[in-house]
Amino acid sequence: SGFNSIGHMDTMARGRHLIGHYKEGEEFIQNVFHVLSQIFTGREKSNLAICWLQYEISKVVQCLQAKKKKKLKAQGRKSKKLAKNFLKAPDNRNNLSLWKLYAYLEWLLGNTEDARKVFDTALCTAGTGGLKSAQLCSLSLLYAQLEVELLESIEGAVMSRAVHILTKVTENGPYVPYNGQVLPVNILKARKTYEHALQDYLSKTSVSDQDQVNYSDQLVNLVGCYALFQYLTVGIDAAVLIYTQASEKLEVSGSQECENTGENFGILNFPTALEAVTLLHTNLLRFHMKISVYPLNPLREALTEALKRYPSNQSLWRSYIHIQRKSHSASKARRFFDSVTRSTNSLEPWLFAIQAEQMRKKLTEKVQRADVGEIHCTIPETGLTNRIVALFEHAVQSENGTHCPLLWRMYLNFMV
């Protein structure tokens with residue numbers, strides 16, 4: 001009816017409220033899922049269930065960001081009911097990806113103990129694939145990452161639940177829930193197992209096309225688990241070393257494949273694996289800076305290198321803007337945005353450059369409008385306004401920008 005958008009546009013603010021999911025759009029999406037779930041069978045049906053649950057989780061995340069407690073409660077009930085129904089289906093009982101999403105949903109809703117029970121149950125039923133099972137690795141990695149986020153400092157982390165999870169996944173035996181301690185001998189064994197497993201993976205030269213995606217996912221999960229394990233048991237430098245080793249090896253293999261095949265992608269799907277490893281690397285550095293004193297430069301360098309290579313990765317841009325807000329000099333970031341927009345057709349660098357300037361403008365206005373006794377400063381900040389308008393003008397003239405409704409809406413919104 002009229003101009004209601006399907007789904008949501010969470011970048012646009014309307015008054016004080018962020019635009020959420022429209023009723024009609026939501027009904028349409030739910031209908032699509034219902035119709036498809038009656039048509040699909042077997043593996044396809046399971047994959048659809050995963051997509052559906054991811055969509056539900058995105059809505060829960062939106063409620064969390066908007067801090068709407070009532071809505072979160074109602075959304076949480078609906079999403080949990082859906083997840084439980086999926087897991088009751090005979091085909092899905094051993095589907096670790098669904099178990100992982102259900103546990104993550106519980107965690108987001110603040111039910112940490114319930115989430116741990118779901119994770120433990122899933123790990124107990126997962127069998128004994130160890131580091132060779134991609135799904136088991138992925139499940140263990142998410143569980144450990146969530147546990148690490150609860151830590152207030154890295155000291156004493158060796159005895160944490162996260163280390164227990166990352167140690168158990170290397171043992172190829174049945175999973176045993178955490179009982180409050182981790183044996184040092186198990187940590188040493190796990191480190192050796194990780195080391196050998198990573199060497200084996202990185203020394204493989206060719207993989208058949210069918211195994212390509214699995215191999216790539218598995219390599220990323222393995223690197224993630226090993227680096228997080230080293231971070232908790234040795235320290236940040238040991239974790240960074242593993243990311244560096246893996247990235248160097250992936251870069252070399254990727255360039256060799258390009259030469260051999262004459263195409264832009266290697267047999268081993270390396271670009272995606274490299275991008276995922278880079279993302280894990282930058283996220284860990286950001287987390288470490290949050291809980292301890294650590295220089296900003298390694299993270300800034302890692303992000304600038306990654307963004308030159310993957311200019312359309314939104315998570316990396318968000319991290320970049322986040323760290324740039326802490327520096328008082330905007331010139332370095334502006335030069336970087338300028339160099340990236342010149343070398344790529346992606347629209348993301350333009351959108352994030354505009355967002356960064358708008359944040360700076362907001363901050364300047366906030367400081368200028370602060371009450372200082374009798375003086376109430378209301379000098380408009382015209383320099384930033386002109387800069388933002390210029391960015392919009394350049395962005396809408398680019399080939400992709402001309403056809404981007406979001407960019408035009410942001411421009412109109414700003415001019416108003």
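Is Trp317 buried or exposed? Trp317 is buried, with a relative accessible area of 0% (buried is under 20% relative accessible area, exposed over 50%, partly exposed in between, using a 1.4 Å probe and protein chains only).

Keep in mind that this is a predicted model, where local features need pLDDT of at least 70, side-chain atom pairs count only at pLDDT 80 or more, and totals for chains, interfaces and linings use all residues. Residues are numbered from 1 along each chain as its sequence is written, and side-chain values use heavy atoms, leaving out hydrogens and water.

**View 1. Tyr194 and Tyr226 make a stacked aromatic pair.** The structure holds 15 aromatic pairs (rings of Phe, Tyr and Trp, the last by its six-membered ring, with centres within 6.5 Å; planes under 30 degrees apart are stacked, over 60 edge-to-face, the rest tilted). In this one, the centres sit 5.4 Å apart with 10° between the planes. Tyr194 belongs to helix 8 (residues 184-203) and Tyr226 to helix 9 (residues 212-233), so the pair ties together parts 32 residues apart in sequence (helices are DSSP runs of H or I, at least four residues, numbered from the N terminus). Both tyrosines are buried.

**View 2. Trp317 meets Phe336.** Their ring centres are 6.0 Å apart and their planes at 50°, so this pair is tilted. Phe336 is buried too, at 8% relative accessibility.

View 3. Search the whole structure and you'll find zero disulfides.

Definitions and conventions. Helix = DSSP H or I, 4+ residues; strand = E, 2+ residues; numbered from the N terminus. Disulfide = S-S within 2.5 Å.
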